[in-house]
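Please read them with the structure open.

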Amino acid sequence: MTRINTHGWIVGLAILAAAYGADSPLAGAAATKAAPPGAVPCQACHGAHGEGMATVNAPSIAGQAAHYIQKQLRDFASGARENLVMGGIAKSLSDADRAKVAAYYASLPVPAVAHGATPASAVAARGRQLAVEGVEAKHVQACNNCHGPEGSGVPLSAPYLAGQAASYLANQLKSWQRGTRKNDAGNLMTSVAARLDDTDIEAVTAYYASLGLTLP
Ligand code: HEC
Ligand code: HEC
C-alpha cells in the first residue's frame, strides 16, 4: 500500500514538473525533493528549499517546527494573523494539507547562511543585549529565554529568529504593536513588542539577521 502511494506521488511530481516546464527552477526542485504536491507552490516565494526570499518578504520556513508552521497556516486562515497573500493560500488548504506541508518544510535543513550584514557596533551591542540579557529598566526579558540559544528556536515554544531578514522580523514586531498579528498564546509577544521602541526593533532584528544558524 505504502509502495503504491509512493509511486503515485512520484508520478504526480513528474506530471507537475512537466507542467512547470523543464527549464523552470521549480521543475528541478520538484524532481530532486520529495515535496508533497501541496508544498510546490510555496517554493515560488519561500525558495526551492524553504530558505525564504527577502525580495518578496517571505521568511525562511525550512526547519521551523511543524507545530509552529501548521499553527501559522491556521492563524493566517482565521485572520488571527492578517496577511493578504498568506491568508488566501492558507484558506485554500485543508487541515490535512496544512499538516502535510508543515511536516515537509519542518524536515528540511535550516539554511546555514547569514542574511544580514553585521550591524554597526552600537546597534549590534543593543541588539545583543535585548536578545541575550534583556533590559531590566524596560521590563523586557531576554528574547532567547523563549527563542533558544542564538535565537535558534525551541520546538513547541517559540520559532527560530536567527538568519531571518531584519525587515521581516521588524514587520512582525510592528504587527503585534498595531494588533494585526494577534495569534500569540497568552499575549506573550504582544506584551514584549509593546515595550520596544523603533530603535530597539532595529537593533534586535539586525542582530538576529546577522547570525548564521548552526543548529544542533
Ligand atoms: C506569493 C508568495 C507566497 C507563497 C506562494 C507562499 N507564501 Fe508563505 N509567506 C509569504 C509572505 C510574504 C510571508 C510573510 C507574511 C507576513 O509578513 O506576515 C509568508 C509567511 C509564511 C509563514 C509564516 C512563517 C513564520 O516564520 O511565521 C508560513 C508558515 C508560510 N508562509 C508557509 C507557506 C506555505 C506552506 C506555502 C505553500 C502552501 C506558502 N507559504 C506560500 C509569501 C508566500
Ligand atoms: C515569553 C516568551 C517569549 C519572549 C521573551 C520573546 N518571544 Fe518572540 N515569540 C514567542 C512565541 C511563543 C512566538 C510565536 C507566536 C505565534 O504562535 O505566532 C514568538 C514569535 C516571535 C516572532 C515572529 C517570528 C516569525 O517567524 O514570524 C518574532 C519576530 C519575535 N518573536 C521576536 C522576539 C523578540 C525580538 C524578543 C525579545 C525582545 C522576543 N521575541 C521575546 C515567545 C517569546
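Two residues are in contact here if their C-beta atoms, placed from the backbone, lie within 7 Å.

1. **Overall fold.** The model is predicted. Of the contacts in the protein between residues at least 6 apart in sequence, 61% join residues at least 24 apart. The protein has eleven helices and two strands. Along the sequence they run α-α-α-α-α-α-α-β-β-α-α-α-α. There are 216 residues, and buried ones make up 33% of them.

2. **Ligand 1.** Which residues come nearest to this ligand? The shell holds 22 residues, and Cys42, Cys45, Ala58, Gln72 and Val101 come nearest. By type, the shell around ligand 1 has 15 nonpolar residues, seven polar and no charged.

3. **Ligand 2.** Here 21 residues surround the ligand. Cys143, Cys146, Ala158, Gln172 and Asp184 are the closest. At least two residues each are supplied by strand S2 (140-141), helix H8 (144-147), helix H9 (166-178) and helix H10 (188-194). The shell around ligand 2 divides into 14 nonpolar, five polar and two charged residues.

4. **Helix H6.** H6 covers residues 95-107. Its 13 residues reach 18 Å from the first C-alpha to the last, close to the 18 Å expected at 1.5 Å a residue. Which residues of H6 are buried? They are Arg98, Val101, Ala102, Tyr104 and Tyr105. These residues cover an arc of only 165° around the axis, so they sit on the same side of H6. Asp95 and Ala96, on the other side of H6, are exposed. H4 is among what covers the buried residues of H6.

5. **Lysine 100.** This residue also belongs to H6. Is lysine 100 buried or partly exposed? A buried residue needs 20 or more other C-beta atoms within 10 Å. Lysine 100 has 19 C-beta neighbours inside 10 Å, so it counts as partly exposed. Leaving aside neighbours within four places in sequence, lysine 100 is in contact with Pro36 and Gly38. Glutamine 70 is 30 residues away along the chain, yet its C-alpha atom and that of lysine 100 are separated by 9.0 Å.

6. **Helix H9.** H9 has 13 residues, which should span 18 Å at 1.5 Å a residue; the end C-alpha atoms are 18 Å apart, which agrees. Ala166, Leu169, Gln172, Leu173 and Trp176 are its buried residues. Their arc around the axis is only 130°, so they lie on the same side of H9. Their cover includes H10 and helix H11 (198-210). Just after H9, glycine 179 takes a positive phi of about 90°.

7. **Two positive phi values to check.** Most residues other than glycine have a negative phi. Asparagine 57 is not a glycine, but has a positive phi of about 60°. Asparagine 57 lies in the loop between H3 and H4. With 14 other C-beta atoms within 10 Å, asparagine 57 is partly exposed. Leucine 156 is not a glycine either, and its phi is positive at about 70°. Where is leucine 156 found? It is in the loop between H8 and H9. Leucine 156 is exposed, with 7 other C-beta atoms within 10 Å.

8. In soluble globular proteins, nonpolar side chains tend to be buried together. The largest nonpolar core in this model has 23 residues, and Val204 and Tyr208 have the most contacts inside it. Helix H7 (121-133), H9 and H11 each give two or more residues to this core. H11 provides the largest share, seven residues. Leaving aside neighbours within four places in sequence, valine 204 is in contact with Gly127, Leu130, Ala131 and Cys143. Another core, of 13 residues, lies apart from the largest one; among its members are Ala39, Ala90, Tyr104 and Tyr105.

Methods
Residues are numbered from 1 along each chain as its sequence is written. Chains are lettered from A and ligands numbered from 1 in the order in which they are written. This is a predicted model: local features need pLDDT of at least 70, side-chain atom pairs count only at pLDDT 80 or more; totals for chains, interfaces and linings use all residues. A residue is near a molecule or strand if its C-beta atom, placed from the backbone, lies within 6 Å of it. Ala, Val, Leu, Ile, Met, Phe, Trp, Tyr, Cys and Pro count as nonpolar, Asp, Glu, Lys and Arg as charged, and the others, Gly among them, as polar. Helices (H or I, at least four residues) and strands (E, at least two) are DSSP runs, numbered from the N terminus. The expected span of a helix is 1.5 Å times one less than its number of residues. A residue is buried if 20 or more other C-beta atoms lie within 10 Å of its own, exposed if 12 or fewer, and partly exposed in between; C-beta atoms are placed from the backbone. The arc is that of the directions from the helix axis to the C-beta atoms. A nonpolar core is a set of buried Ala, Val, Leu, Ile, Met, Phe, Trp, Tyr and Cys residues joined through C-beta atoms within 7 Å.
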